[in-house]
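Student: Please take one part of this structure and look at it closely with me, then go on to what surrounds it.

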Amino acid sequence: MKYTIALAAFLLMSTGNSSLQATEGGSIPETKEQRDVRMAWWREAKFGMFIHWGLYSVPAGSWQGKPVSGIGEWIMHNGKISVADYKALASQFDPEKFDADTWVSVAKAAGMKYIVITAKHHDGFAMFKSEANPFNIVDATPFKRDPLKELAAACQRQGIKLGFYYSQDQDWTAPGGAALGGHWDKAGQDGDFASYLHTKAIPQLKELLANYQSAPAVIWFDTPTADMTPQLAQEIVALLKEHPELIWNNRLGGGEPGDTETPEQHIPPSGFPGRDWETCMTINGTWGYKKNDENWKSTDVLLHNLIDIASKGGNYLLNVGPTSEGIIPAPEVERLKQVGAWLKVNGEAIYGTQATPFKEAFPWGRVTQRGNRLYLHVFDWPKDGQLVLPMKNGVSGVCLLADPGTRLKAVTGAGGVEITLPASVPDSVASVVAVDVDGIVDPLPPPPIEQRADGSIELRALDADLLTRAEGPIKAVMESYDDISSIGYWIQPQDYAQWRVNIASAGDYAVLAEYAAVSSSVGDKMIVSVGAATGQYALQSTDSWKKFQTFQLGMIHVTQAGLQTITIQSDGVKGTFCNLRSLTLKPKKVNISNR
Ligand code: FHN
């Protein structure tokens, strides 16, 4: 699902941190320590279950005998079903096989530490007893039970956190609720957004915050639109702040950053350093149940995703879409069981770990760390049995996590610590090698970027060191659009990007940059320095922070060959600068002496 421009703009704005979130009364900024305490269980958890369950599981992807394209929970929107026809589905929703304890057990057996379930999705149907609106599972269906109550109790019994997804902005069955792309049933949908918020969304959020013992631990908002003004969002924030332990995501709208970044269906190449983030993902191609979607990801893919996310410092919120009978589909249960079996052996390498200390991605797998212990998640067992960790430290011990009795040989050389692995692969999906490091991991600098055979030098955002000359912290961050890394939030002129490059020959180079910028950036200058040579180039607009274009900026005369530092920064005149994907230097004449 592509976001709207409003959502994209909101997510862009949301790259700030939420350190201004108050603990009480809306006025006292939360300290870093308080925030660390509030986020502690979530950071430890790493792996959660997302559940998309609602009325849409009844049609399960087809309407009047015909398949409706798109994701299951969007059937009302994609099929342009009238409010009256959609509401009529409620009389058929009787999930008699629903058993809260069974669902919680599936999550626990998978090694998941929290659950987030759709309390109300965009279709406006509440999966809980609501006094605020009768279109809810207790009042409008033959089932008459409140599954959230049952889940809250089961989660408490089984010791796992429960959070509620709530579609605060889109509501396709309440007059005034938003619908991306506009209303299609004017009589049933047109109305005033603020009154929808005041008569349905806010009262229901109050119910969710008050009526569930020890829940919710999380409120998960979704698809903000421009209707959610900062003033309206503030009313919701005031409510949330009455619950000092609550965590909420970055999709409320109105410029509210929330606590967590929420990349969807992808893993950002360098995570969100310094911020809490969670990738949400489906196991097949839909969130809400669709009977014909058999596009299941394999257990290997799910596990590699979990490890990849942990190695980048994030959480994995993996979705299941139960049927209208109340059953989590068997292919999902089967895969989750297998993930859980791996975690039973290797969980130490995931829960409560931190992102890899190494800048480079290793071809053999991923790294996580906890204190002085590194976990090497080996996806591709090296044929020569050797793994090299490019760090200056020595190690006090290396073993297979699955077999702590094994002591693996490790020697420290000029290139780092060389580990000799056993000949046979312990786990074909991911074998974990635990490395106890002497002291704090001190990575060796990655090798310099080499000039290509055609003489060009490509500097990708992903390979940059982001540094600052400011007194305070750096503000620029690594982001990603369409899974390509870019440097964003580059609003502080003291922030700069740096690369180490081995330049084979001096001379004139054309400077090309791939970036996205808006009109307020036009006139800002990009300052490029290659060793002692410097060039300044005016930015142009690409009309969007997400629309990247390559521009030939001008020429630069590189005076010296050899190891050089290349930096980019803004002249800081306008202050918005650009989102930068890459800088390329192309030689005017190719004359590379050592090739
Ligand atoms: O529109 C929804 C979609 O149905 C689903 O709930 C996902 C989960 O993150 N969020 C929205 C799309 O971004």
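Student: In β10, which residue is the bridge partner of Phe-50?

Tutor: The bridge partner of Phe-50 in β10 is Asn-319. Before going on, note that this is a predicted model, in which local features need pLDDT of at least 70 and side-chain atom pairs count only at pLDDT 80 or more, while totals for chains, interfaces and linings use all residues. Residues are numbered from 1 along each chain as its sequence is written, and side-chain values use heavy atoms, with hydrogens and water left out.

Strands here are DSSP runs of E with at least two residues, helices are runs of H or I with at least four residues, and both are numbered from the N terminus. Two strands count as paired if DSSP finds at least two bridges between them. Strands of a sheet pair through backbone hydrogen bonds, either parallel or antiparallel.

β1 and β10 are part of an open sheet of 8 strands with parallel pairing, in the order β7-β6-β5-β4-β1-β10-β9-β8. Its edges are β7 (247-248) and β8 (260-261); each has a single partner strand, so one side of each lacks a neighbour in the sheet. Helix α12 (residues 330-346) packs on this sheet and touches β1 and β10, where contact means heavy atoms within 4.5 Å. The direction of α12 makes about 155° with that of β10. Such angles run from 0 to 180 degrees between N-to-C directions, with axes fitted to C-alpha atoms, for helices over the stretch in contact.

Next comes the ligand. There are 16 residues around the ligand, and His-52, Glu-73, His-122, Asp-222 and Glu-264 come nearest; a residue is near if one of its heavy atoms lies within 4 Å. The shell divides into 8 nonpolar, 4 polar and 4 charged residues. In this division Ala, Val, Leu, Ile, Met, Phe, Trp, Tyr, Cys and Pro are nonpolar, Asp, Glu, Lys and Arg are charged, and the others, Gly among them, are polar. A nitrogen atom of the ligand is 2.5 Å from a side-chain N or O atom of Asp-222, and an oxygen atom of the ligand lies 2.7 Å from a polar side-chain atom of Glu-264. Of the 330 Å² of accessible area that the ligand has on its own, the protein covers 100%, by the Shrake-Rupley method with a 1.4 Å probe.

A loop deserves a look too. Between α9 (193-210) and β6 (218-220) lies the loop that holds Pro-216, and Ala-215 and Pro-216 are joined by a cis peptide bond with omega about 0°. Ser-214 is in the loop between α9 and β6 as well, and its phi is near 55°, a positive value in a residue other than glycine. Most residues other than glycine have a negative phi, and most peptide bonds are trans.

Finally, 4 strands form an open sheet with antiparallel pairing, in the order β11-β12-β17-β14. Its edge strands, β11 (365-370) and β14 (395-400), each pair on one side only. Inside this sheet, 6 bridges join β12 (residues 373-378) to β17 (residues 431-437), and Arg-373 stands opposite Asp-436 in β17. Helix α11 (residues 299-311) lies across β11 and β12, at about 50° to β11.

Definitions and conventions: Polar contact = N/O pair within 3.5 Å; in protein donor to acceptor, adjacent residues only side chain to side chain.
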